[in-house]
Amino acid sequence: MRSKKAEMDVEYNVEDEIVSSDDDTMSVDSEFSTASTVKTPRTVSRLKKETTLSRTPSVSSAKKPKASLSRRSTFSAVKSTPSMQKRAASKIDQTSDALSLYEKARIKLHVANTPDCLPCRDKQFSDIYNFIETNLRNQTGGCMYVCGVPGTGKTLTTRQVILCLKEGVNDKILSPFKSIEVNAFQVTEPHQIYKLIYKELTGENVSAEHAVTLLEKKFEHKSNESIVLLVDELDMLCTKKQDVLYNLFDWPYKKNSRWIVIAIANAMNLPEQVMSKISSRLGLSRLIFQPYTHVELEEIVRLRLEELNVFDMDAILYAARKVAAVSGDARRALEICRRATELAERDTSKKEGKSLNLVNIGHVDQAVKQMFSSAKITLLTHASKMEKLFMKAIILLYQKSGMEETSLNRIIETHNFLCRAENMQPLNRTQLLNVCCSLASTKLILLEPCKNIYLQRVRCNMSVDDIEYVLNDNK
Amino acid sequence: MCSVKEIYSEAKKALNASATDRVVGREKENDEIYDYLASCFGNKNGLSVYINGQPGTGKTFSVNTMLDSLKEEFKFNKIFLNCMSVKNIQNMYKTVLSEMISNKIDSNLAMPKRCTKESLQKLIESCITSIKHHLVLVLDEIDQIETTIKNASDIYKLFELPYLPNSKLILIGIANSLDFTDRLLPRLELTPEHKPKVIKFLPYTKDDIINIVKDRLSKVQLMYDNCVIIDDKALMLCASKIASTNGDIRKVLDICRRAIELNEQEAKLTNLETIKTVNIAQMMKIFNAVNPITNSNLDRNTMPLMQKILLCTILLCNIETKVKEVTLSKLFEKFNKICKSYSTSVDSESEFVNLCILIQDNGLIEVKKAKEVRNYKLSLKIDEQELRDKLQDETFMADILTNRAYK
């Protein structure tokens with residue numbers, strides 16, 4: 001996996017890409033150079049300012065106006081495209097002057113910066129929309145179970161459906177309804193969810209016990225307003241008795257009830273795990289959000305970056321494929337791309353006199369490596385010589401005996417032997433105990449406490465292959 | 001001629017679970033309850049009834065409609081309580097008492113200042129022996145009280161309330177378990193006259209289900225000049241499928257409603273003037289869509305590649321060791337060995353754990369937590385052979401499974 005050849009390849013690619021992207025930006029610059037001198041006096045003034053104020057040599061200051069120039073060019077393109085999302089646009093509008101193209105890309109790629117409509121989730125959207133809308137129109141109650149792995153847009157899609165329906169209310173197509181959103185992580189204990197729901201519903205603060213009775217009273221009388229309840233992280237509400245789940249799903253079945261419950265959770269098999277009376281009430285309206293495929297992930301990233309020309313298309317595809325192979329989590333893909341942008345930015349600032357280069361596969365690969373590399377391996381790579389020898393001693397003993405656990409005594413013997421073989425002064429027992437403790441505190445090895453400190457059992461907490469890889473790599 | 005959309009909407013409304021006030025297909029049981037209760041109202045004494053049956057067989061609904069209709073003949077008060085939200089016996093007495101007060105059963109009744117178990121019980125006892133008209137106490141999901149009320153004597157006392165001298169209490173318990181009375185009330189069995197009458201609600205049969213759906217739709221059909229909303233054959237398919245599993249009427253209604261929704265969507269595409277009948281193919285489509293096994297994303301072929309490889313690895317480990325459980329550390333090593341030969345890998349342990357949890361969410365494996373992450377135990381939750389067959393469909397996975405180097 002961590003073969004040097006691959007890394008070299010990557011580095012080679014990076015350089016290659018930088019050269020080619022530099023060419024691109026250069027051409028952009030030259031195109032605008034004639035116009036810029038006339039049109040943008042501000043960049044010129046800023047150039048003056050920077051040269052007068054900053055002591056740093058002119059390399060960076062000379063670069064900056066160029067970057068801002070190319071940003072300006074893309075920015076004017078932004079204004080002409082009407083399809084762009086409003087919110088993102090306004091955000092950029094406010095601060096545009098102070099931001100480089102990379103920063104803009106980073107803002108757009110931020111997970112919290114959600115678009116107004118989720119790409120690739122149209123079917124799920126219309127499913128939820130139809131479900132709620134039918135129930136609203138017919139003045140009935142019902143429940144729906146929405147499930148899928150994290151980062152597949154469950155909560156966001158449902159929220160957008162409710163927003164969309166609210167707009168329908170404003171346009172007088174639908175009768176008004178109330179919507180409540182609760183997250184099971186908001187409460188310390190499952191029963192407290194009643195309190196939260198009641199508070200959201202009426203604004204009153206009552207005890208959880210009282211809230212149940214009040215809510216149940218509410219269902220006895222015919223109400224003239226539908227209520228849409230969105231329960232996020234439903235699996236947190238599972239108790240031994242499962243009464244919270246039961247009540248949540250029993251309410252829609254009360255006579256005259258106009259209570260619509262949308263429950264969101266990760267586990268697909270939750271309805272099979274709960275009591276039969278709950279799954280009977282939960283019904284069959286189940287909606288599954290499948291993990292995003294690489295095509296969809298690519299689309300998501302591309303739509304966010306629509307008019308910002310910072311990414312190499314291959315780089316997006318690479319990131320999408322990397323994520324789709326493991327989890328299909330959109331948040332992950334965005335995080336990787338954002339990190340890659342940061343890396344590309346750093347590269348650009350390092351390069352002297354050159355401006356903007358595109359984010360390429362090398363950057364993405366680096367970002368992936370940084371995010372998913374094992375902390376333990378990094379830790380061991382930077383461990384002291386004696387610590388490494390200690391680990392080596394454990395491996396040797398493991399290979400000899402085939403047992404995962406060994407006593408500290410035997411390790412000390414082997415360690416001394418190894419030291420001599422490497423022509424070093426062996427450590428005394430106290431020093432070695434220090435080494436052992438420091439390794440144990442970082443959980444690279446696990447210790448089983450014993451009365452006699454030299455008899456305690458030691459086992460390593462990472463795979464032998466990985467340790468061997470690190471130790472051999474160092475020679 | 002009314003719009004097609006209206007018919008669909010009305011039909012869906014009629015199939016909503018709470019959208020009816022007529023009991024169909026429970027005549028025998030209803031008659032039984034009716035006779036028993038009526039005799040009791042005439043005799044002016046108390047009694048207890050225990051109704052059991054599987055979820056979705058109309059227990060609560062039957063009792064409620066029965067009591068509503070009895071109200072026209074006899075004078076009595078009714079208190080409905082769901083035992084799911086009862087915390088302890090004291091809490092239950094208190095709720096009953098407050099209901100009594102709010103229903104103005106006895107004008108002298110007031111909530112005591114100190115609510116101990118005994119004082120509340122005394123109050124209820126004195127009340128039910130002195131009132132003029134009967135009091136019907138319906139306890140839904142009564143089998144739940146055995147998890148909350150640990151003291152068996154409290155439950156005995158509860159079931160003895162109807163048999164106090166002059167008591168006017170009628171206790172109706174509703175629950176799923178068949179043997180609740182035999183299991184929990186062995187002492188009451190000794191006195192035959194105090195034995196609650198047990199009425200069984202058997203799962204709906206095929207004919208019952210057909211009748212219920214037809215009854216619900218008949219009103220809509222009458223309103224819109226006898227159009228057929230669901231084809232007889234399609235209804236037959238739905239009914240026999242559900243009747244052969246558990247006879248849950250909620251499921252039937254849900255499926256029929258979704259079939260109509262599907263039909264509506266298809267009709268929208270063709271812009272028909274009149275309503276189209278739901279046919280057997282559409283019904284089958286819904287059945288396939290709601291089947292939980294076909295829902296896992298292994299079948300839909302949307303499972304990410306790494307997750308599939310992980311499943312293969314677990315399968316290989318199981319074959320190798322002949323033990324159903326495998327520790328995470330072993331699995332991780334083997335997994336990376338396989339991955340490396342396809343020049344990919346999952347480096348960090350936390351990432352690997354994440355991967356396992358994702359598959360667990362799919363319901364395909366179970367991850368047993370331990371103190372150290374490396375000691376987590378994983379086991380398959382679906383049949384080995386079934387998984388093998390599914391994975392073998394893909395050449396890549398079949399390659400891994402048959403490659404001798406990994407065994």
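Met84(B), Arg250(B) and Asp361(B) supply 12% of the area that chain B buries against chain A, more than any other three residues. This is a predicted model, in which local features need pLDDT of at least 70 and side-chain atom pairs count only at pLDDT 80 or more, while totals for chains, interfaces and linings use all residues. Residues are numbered from 1 along each chain as its sequence is written, chains are lettered from A in the order in which they are written, and side-chain values use heavy atoms, with hydrogens and water left out.

In terms of contact (heavy atoms within 4.5 Å), 59 residues of chain B touch 60 residues of chain A. Between the two chains there are 6 salt bridges, each a side-chain nitrogen of Lys or Arg within 4 Å of a carboxyl oxygen of Asp or Glu; in one salt bridge the side chains of Lys376(A) and Glu349(B) meet at 3.0 Å, N to O.

Within chain B, we can turn to helix α3, residues 59-73, helices being DSSP runs (H or I, at least four residues) and strands likewise (E, at least two), numbered from the N terminus. Because the expected span is 1.5 Å times one less than the number of residues, the 15 residues of α3(B) should span 21 Å, and the end C-alpha atoms are 22 Å apart, which agrees. Its buried residues (under 20% relative accessible area, 1.4 Å probe, protein chains only) include Lys59(B), Val63(B) and Leu70(B).

Conventions:
Buried area is the accessible area (1.4 Å probe) that two parts lose on being put together, summed over both. Buried means under 20% relative accessible area, exposed over 50%, partly exposed in between (1.4 Å probe, protein chains only).
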